[in-house]
Amino acid sequence: MPRHRRLGGEILIPPGNTVIVSAPLAGTLTAPEGKPIPLPGAHVTAGDPILTFIPLLSPERAVPTPAERIQMANARATLATSQIAADGDVQRGTAETEAAQIAVDRADQLLRDRAGSARLLDEARAQLQVAQKTLDASRERKKMLDQLTLETESGKVSPMPITAPGSGILQALNVARGQTVATGQALFTIADMNTLWIRVPVYVGQLSDFDLTADVQAGALSGRDTGATRTAKPVAAPPSASALASSVDLYYKLDNADGALRPGERLGVSMPMKDNEESLTIPNGAVLHDIYGGTWVYVPGEDNSYRRERIIVRYLTEDTAVLSAGPAVGTKVVVGGSAELFGTEFGPG
């Protein structure tokens, strides 16, 4: 049998799987439009609105300095001059286009009256196309300049949504609706728990006995629910140790797509040893537990009788119980029907 030793481990959120979202500016918080603020523990996906942020204008931004006022005045004068020039260009282009259209009509009439030439008509049409293109460019420039403004309304700002940067569990919500926050204040925390780590402290004197590159099995601390174990793989993590407990920490990652595991939860971890050994084993179904926690097994006797013998279980695998003490090698034990024999002996059924 491959040797294993069962140790306790603690579930952790891996570094980098937690995101803290902070306020970009000073402002006020409200609920997302048409939705309530999600509560801690809710599952969110990337892009989901969590809060609505309304920035606050600071006095420094609301009251410009003298140099800034001079720059703003120069900018307003320049903008006004450009807008007036653009309006004049549009008016001039309109007049040139009308004159070019009159020239085209005159050249066309002269050609029909056989008093003019096709060349003059073509030249007039070309002048009309140039005038129209110039007028279109002038109108587009005037439209762009008319949209520009250097005037701002005091206190008028647009709200901005604060969305989830990634999918995960809303682990903490540090603010409330209507609260005013400062720049850089933490708003909420999102943790991705699809993959978790388990930290296993190992006594330094036994560290060399374990196979540190092998996968481990994590399950209940009691080790009885072997069907609910999960395979965990070793990961490279920052080294850590405890001087008080004389232990070093080993880290393993395990899948938590079903969300059954929680950070801080304690699990039992079956750690493989480096060497194998011969061990006394029986099927899991043959092990019985009394009300005091003792373990027993039934052995067939003569004349369809059975006797109960004490065993000491070292650890359980998926279908095998490894014993440190029990019946002799080769002894037959009851597997199917052991619970019925136990009930017949003690009377519960």
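How many bridges join strand β3 to β8, and in which sense do the two strands run? In this predicted model, two bridges join strand β3, residues 27-30, to β8, and the strands run antiparallel.

**Two open sheets**

Strands of a sheet pair through backbone hydrogen bonds, either parallel or antiparallel. Strands β3 and β8 belong to an open sheet of four strands, ordered β6-β5-β3-β8 and paired antiparallel. At its edges are β6 (160-163) and β8 (180-181), each of which pairs on one side only.

Another open sheet of four strands has the order β2-β9-β7-β4, again with antiparallel pairing. Its edge strands, β2 (18-22) and β4 (43-44), have a single partner strand each, so one side of each lacks a neighbour in the sheet. Five bridges pair β2 with β9, residues 186-191, in the antiparallel sense. Within this pair, serine 22 has alanine 186 of β9 as its bridge partner.

| Strand pair | Sense | Bridges | A bridge partner pair |
|---|---|---|---|
| β2 and β9 | antiparallel | five | serine 22 and alanine 186 |

**Nonpolar cores**

The largest nonpolar core has 21 residues, of which Ile198, Val200, Tyr252, Leu254 and Met271 touch the most other members. At least two residues of this core come from each of the strands β1 (2-12), β10 (195-203), β11 (216-219), β14 (247-255) and β15 (266-276). A second, separate core has 17 residues, including Ala31, Leu170, Val181 and Ile190.

What does valine 200 touch, leaving aside residues up to four places away in sequence? Its contacts are Leu7, Gly8, Gly9, Val248, Asp249, Leu250, Tyr252, Val269 and Met271.

**The whole protein**

In total the protein has four helices and 20 strands. Its radius of gyration is 41 Å, whereas the globule rule gives 20 Å for 349 residues, so the protein is more spread out than a compact globule. The C-alpha trace spans about 140 × 60 × 45 Å along the principal axes.

Of the 349 residues, 28% count as buried. The accessible surface comes to about 21400 Å², and carbon and sulfur atoms account for 54% of this area. Among contacts between residues at least 6 apart in sequence, 73% join residues at least 24 apart.

Technical notes. Residues numbered from 1 in each chain as written. Predicted model: local features only at pLDDT ≥ 70, side-chain atom pairs only at ≥ 80, totals over all residues. Heavy atoms only, no water. Pairing = 2+ DSSP bridges. Core = buried A, V, L, I, M, F, W, Y, C linked by side-chain atoms within 4.5 Å. Buried < 20%, exposed > 50% of the residue type's maximum accessible area, 1.4 Å probe, protein only. Contact = heavy atoms within 4.5 Å. Rg over C-alpha atoms; globule rule 2.2 N^0.38 Å. Areas by Shrake-Rupley, 256 points an atom, 1.4 Å probe, with all protein chains shown as cover.
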